[in-house]
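Have the structure open as you read.

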Amino acid sequence: MPPVQTSYPGRPAAAYEGMAADQNSATILSRTVETPEGIGFGRAAFQGSRDDGIAASGAVFRGIVLADRNARPNPTGTDLFAKGETAPVMNSGAVWVVTASAASAGSPAYVTPAGAITAAASGNTAIANALFDTSAPAGGLVRLRLN
């Protein structure tokens, strides 16, 4: 088995994509990934074809896929849940995500048709009762609060 990690930073990052942002009450569902390419940590999850399934794109937003330090490494080296695996999906609570556009604390959150989280309303779907808790430029980590 090849090494999974060969170098370590002097300090761990303050947060990472898909990390639960606090210890307040949250609702986390277990869902089976249906997308052949899998779904990455911190990415939007949509209702799949099965009652307990999720997909990387779709019409019905179900939540954000949480990171799992015990997930198996995949051949591409990306952090994701593969098709058929069970993923934790947060549908209320606070989670760290990467924003596709600049986001400001208190602004509403939207999801693009490709599943990216953004503050841009045009062409995207509003996530009901979701607000950014922090601010960041496009590509930055932000706290997303799902209510």
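In this predicted model, the largest nonpolar core holds 18 residues, and Ile 117 and Leu 144 touch the most other members. Two or more residues come from each of β3 (44-47), β7 (86-98), β8 (108-111), β10 (125-132) and β11 (141-146). Leaving aside neighbours within four places in sequence, Leu 144 is in contact with residues including Ile 64, Val 95, Ala 109, Ile 117 and Phe 132. Another core, of nine residues, lies apart from the largest one, with Val 33, Ile 39, Phe 41 and Val 89 among its members.

Let's turn to β3 and its partners. Three bridges pair β3 with β5 (residues 61-65) in the antiparallel sense, and Ala 44 has Ile 64 as its bridge partner in β5. β3 also runs antiparallel to β4 (residues 53-55), joined by two bridges; here Phe 46 is partnered by Ala 55. With five residues between them, β3 and β4 form a hairpin.

Now for the charged side chains: the whole structure contains six salt bridges. Three of them are listed here.

| Salt bridge | Closest N and O atoms |
|---|---|
| Arg 43 with Glu 17 | 3.0 Å |
| Arg 50 with Asp 52 | 2.9 Å |
| Arg 145 with Asp 133 | 3.0 Å |

Arg 145 lies in strand β11 and Asp 133 in the loop between β10 and β11, so this pair ties together parts twelve residues apart in sequence. Arg 145 is partly exposed, at 22% relative accessible area, and Asp 133 is also partly exposed, at 29%. Both residues belong to a network of salt bridges that links Asp 22, Asp 133, Arg 143 and Arg 145.

Methods
Residues are numbered from 1 along each chain as its sequence is written. This is a predicted model: local features need pLDDT of at least 70, side-chain atom pairs count only at pLDDT 80 or more; totals for chains, interfaces and linings use all residues. Side-chain values use heavy atoms; hydrogens and water are left out. A nonpolar core is a set of buried Ala, Val, Leu, Ile, Met, Phe, Trp, Tyr and Cys residues joined through side-chain atoms within 4.5 Å. Buried means under 20% relative accessible area, exposed over 50%, partly exposed in between (1.4 Å probe, protein chains only). Helices (H or I, at least four residues) and strands (E, at least two) are DSSP runs, numbered from the N terminus. Contact means heavy atoms within 4.5 Å. Two strands pair if DSSP finds at least two bridges between them. A salt bridge is a side-chain nitrogen of Lys or Arg within 4 Å of a carboxyl oxygen of Asp or Glu.
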